[in-house]
Structures are given as structure tokens and as C-alpha cells.
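Reader: I have the sequence and the model open. Can we go through a few points, one question at a time?

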Amino acid sequence: MSISVDIRKDFGAFKLNVQFEAGNEVLGILGASGCGKSMTLKCIAGVVKPDSGRIVLDGRTLYDSKRHINLPPQQRRIGMLFQNYALFPNMTVLQNIMAGCEKADRPARVQEVLAKFRLQGLEKHKPAQLSGGQQQRVALARIFVTKPKILLLDEPFSALDSFLRWELEMELAQRIREFGATTLLVSHDRDEIHRLCDSVCVLSNGTNELCVRVRDLFKNPRSFAAAQLSGCKNISRASYVSENEVFAQDWGVRFHSAKPVPKDIRYVAIRAKDILLAKEGDRENVLHCAVETHFEELFYHIYMLRPLKSENEPTRSIRLDIEKHFPPLPPNAKTVRIKITADNLLFLNK
Amino acid sequence: MDWYPLYNSIRIALVSCGIVFFLGIFAAYYVAKLPRLVKGLLDVVLTLPLVLPPTVVGYFLLLLLGPKHPFGAWFLAMFDTKLVMMWYSGIFAATVVAFPLMYRTARGAFESFDESLAHSAKTLGLSNTRIFWRIRMPACRQGILAGTVLAFARALGEYGATSMIAGYTPGRTATISTTVYQLWRTNQEALAFQWVMVNLAISAVVLLSVNLLERRNTAPKTAARGEA
């Protein structure tokens, strides 16, 4: 079971150019809204036609612009869960589920799916009478009844309240495991990707980066988009100074690095956990900063800082997060000394 | 009182409404898919009868169907059938005038249709014909019904183009609206008033049903939100 995708489509202001392969795994497509995530899934499903390229599923060519192959979505055997679930509002739950199955194996198969998705008793309800979670179960049941070869999930939890998400996510995780074939999950939520996916591929501005194991993306992002999407809040343009020194242009400061600095560096990123309050006697990578603003979150105090002794005028702030079980800065603090851990600077070359 | 005008009016309205129903939906569905420039142009042409004075529509219809003009003459020679000054001439007038109402309302309904429903239906393997009749049409039902009722009402009330193309012959081409004008012109004010009341009654029923349809359209949605 595998899929290989290589497609291009020009939308004028925005160009989609996506290439990836996935085997028997859950591949996450991580990107900000409007980066072409949903469009990629729609192209694979066949409801949108790319300009050129090739899509092959389990050795079956679904689309090939050179050989003029473009299978209609009806013949692609793809199960796609749409963002709003796309249940047919005029049909009951049962009719929705039966919509996609062939007449011969109807009754037995439908009963099986109804039981599996805990929908017994709801057969006669209309989608509008169901809760968000029930709607998702109906949409999934409707997909599984057609025995798809691949599962495409488009932001499966975006239509739900946050307290409903967790339960549904665990349920969906189990369905994906049972399904066992290739699953593509599109999301803008790094935690969701981290929990549900085996590998991940970052999509920004219509173009994707190489797919990597999920853990690698979070440990060692390679690009600005990947760092940003994996939750890194402090990113600055950067240049190479020496083997172990990097200049962060947006903050106007140099950092010492324990790891060798690559010559083609374009950005340096620092995880929140690697920015600490400097202790007495700390010398290396210590910055004296002015406190610009202070925000309070549920579990964190957030301070926006500006380096005082910079080589050029800083254009961005540094964000310092202090967990609430540590003491915050004094309420009228004007300046603060912070220390950047030299071991964990992230070097990005795109 | 001679009820022929009522019978004739309703006959004309029903037939033209039937024609407009299919033509309007067909046009709305295909125009919505066209590239923007063609769409804009066609939209103007198809909506024109709504804003043109009915007499201008009548003039164009006479140009097309009149026995002294090419198409009308050919039709007369071919089928030995006159297209103007007959009871069914009113159908032509009513169809052209009512068409934009159906077309516009249906197009609005099609445009507000959530395309992801059609997309998901396709991935589930439903044929395009089934998607149109089982999913798109039911989802747009309220708009299409409202358009049909409006088109019917407009066809029933057609006067200007009808009077030019069908004229007024009592017992043959008379409709309610041409009868009212004729009675008023010949000083039969009381009788004219009776026909006015008939017309008012029909219009009131039609508008009432439009309102009911619209209310049914909005009510279930708000009710459902609370549970979700």
C-alpha cells in the first residue's frame, strides 16, 4: 500500500507544487491556513484537476498529465473526510451511509459499520440533529462502507469544540490503526500531527519540504516554516561568523554555539525552553534586555524583550516564557538578563 | 360572469411556469460553471427581460414570431400554425418575462450550495446525475420552489407583452389582466373590480406561500445549532 504524488497547479497568485510518497503509514501534512493543504487532498481525490504531474496509488495511476490519464473521483477508491464532514443534509444517517455502497452487500455491511461506529439508534436522524462528534462518526462510517484504499483526513477536528477533540482524536487514532493502509492527515496543529502521525511533511506557500519522521521535525527542523509550525517562537535571520559563532541579525546579537554553524545558514531559531534567566556568574550567551511588554497566559508569563547592547537596531523581540510555578520577574522590572543555551540553537537553511 | 379569462390565465401561467422551471434550472446550473466573462455577458442577456418594459419584450417577440417576419412566416408555411394572436401566444410572452425570476433565484440557490457535498458524493462513488437529483436539487429545493412560485405569479400577471402578441379576443385570448383593462376601457367598472379582486386573491395566496417557504428554509437551521 503506497501512494506517490507529484503535482503542480497554478492558481495565479499562488502555485501548488507538491511531491511526496507515503507507504503504510500515517503521513501528516502540516501547514498554515491557505498553504494548499486541502487543495492537495482535493487533487488526490480527483475533485480538483492539477495542471500537470502524476498520482499513483498502489500501482494504479489515478492521474498522469503526460499519458492523459485522469480517473474520475468515483473510480479512485479514495476515502476523504472533509473539514465540515459534508454529510448530506437532506438524508438520514442511514441514507448517508448507504449512499456510497453497492446494492449487493448493503444490509450486512451497513449493520456492521453502524455497530462499529456506535450509530445504532441514530439511523433515522438527520445530520443537523447530531452532535459534532456523532457527525464525524457518520462521515467516517460512510467512508469505510466503501472500502477505500487510502484515507484522506482534512483537518478532522477543526469543526469541534476543544473539549470534544481529545475524545474524538483517540477514537480516530484507533480507526486509523484498524484501517492499516496509507492515511494522509492535513492539519495546522503540531500537537495533533505529533500524536497521530508517523511522518510529516511541511507545506508552506504551496510547496512542500521533504517528509521526515515526526520526531525529527520537532527535534531538528530545517526550514523557517518547519521551525515556525513546530512551535518555535524565536526565529531570526542569521549569518555565519565562524565555526562556533552565529550572528542573529533581527536581534543584533552574536551567539556562541556548541554545535558547528553551517555556512549556508539563513535563520537561527531558539526553543522557548532554551531561553533562561541568567544566573550570577553566567558569561556565555548572556543578553541584557529591556522588557517591552508582559502577557499572562494560563500557565506562562510571557515577556517580550529587546537586547540592549546590539550591533544593529533590533527589528524583532525575543520572547521569554516563564512557567507559572517559577517566580515571575518583579512587576516593575525594566531590564532582565537572559541566557541562551549554546547546545540547542537550531540552524535553518531555508 | 364569464370565467374564461381565469381559465386562460391559469393555463398560460401553468404551461409557461413548467417551461421556465426546466429552462431556468438548466441555464442557472450551466451558467454558474462558465468562465467569468462569458458568465457576465450571458447573465445580462438572460436577466434583460426582467428590466425591459414588457412592451419592448412584446415588440421583440412580434419580430420573431409575427407571420410577416422570417421565422413566423416559415413556421406558418411549415406547420400551418399561427404563432401570434392565439391563446398560446400568451405562453411565449409569459415564458420570456418570467424566465429571469426562475433563473436568478435558482442560480442564487446553486451558488450558495456547499460544493464539498458534491465533492464528497463523488469520492463515495455517486454518479454525477445522481448527485444532481439526489443532493444538489434537494439542498437547493427551497430556492427553486421560491423561484417557481415567483415565476408563476409573474406569468399570471403578465400584461404588456401578452397584449401585444396575443391581443384581446373575448373567449379566445383574454386573460385576467387584459380583461381588467378592457372592462375599464369600456366603462364596466363593477365587473373590472370583480376581476381585480380575483387577481388580488391569487397574488395574496402566491406571496403567502413564498413567505412560508422562506420561513421553512431558515427555521430548521437555527433549531439544529443548539444541540450541536
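Reader: How many bridges join strand β19 of chain A to β20(A)?

Author: This is a predicted model. Strand β19 of chain A covers residues 300-307. It runs antiparallel to β20(A). The number of bridges joining the two is six.

Reader: Which residue in β20(A) is the bridge partner of Tyr303(A)?

Author: Strands of a sheet pair through backbone hydrogen bonds. For Tyr303(A), the bridge partner in β20(A) is Leu320(A).

Reader: Which are the edge strands of the open sheet in chain A?

Author: Five strands form this open sheet, and the pairing is antiparallel. Their order is β17-β21-β18-β19-β20. An edge strand here pairs on one side only. That gives β17 (275-277) and β20 (318-323) of chain A.

Reader: By how many degrees are neighbouring strands of this sheet turned against each other on average?

Author: Direction is ignored for this angle. The average is 45 degrees.

Reader: What share of the residues of chain A count as buried?

Author: Chain A has eight helices and 22 strands. Its C-alpha trace spans about 80 × 50 × 35 Å along the principal axes. Buried means under 20% relative accessible area. Of the 350 residues, the buried share is 50%.

Reader: Over to chain B. Is Leu41(B) buried or exposed?

Author: Leu41(B) lies in helix α2 (residues 36-51) of chain B. The relative accessible area of Leu41(B) is 57%. The cut-off is over 50%, so Leu41(B) is exposed.

Note on methods
Residues numbered from 1 in each chain as written. Chains lettered and ligands numbered in written order. Predicted model: local features only at pLDDT ≥ 70, side-chain atom pairs only at ≥ 80, totals over all residues. Heavy atoms only, no water. Helix = DSSP H or I, 4+ residues; strand = E, 2+ residues; numbered from the N terminus. Buried < 20%, exposed > 50% of the residue type's maximum accessible area, 1.4 Å probe, protein only. Pairing = 2+ DSSP bridges. Axes fitted to C-alpha atoms, helices over the stretch in contact; angles between N-to-C directions.
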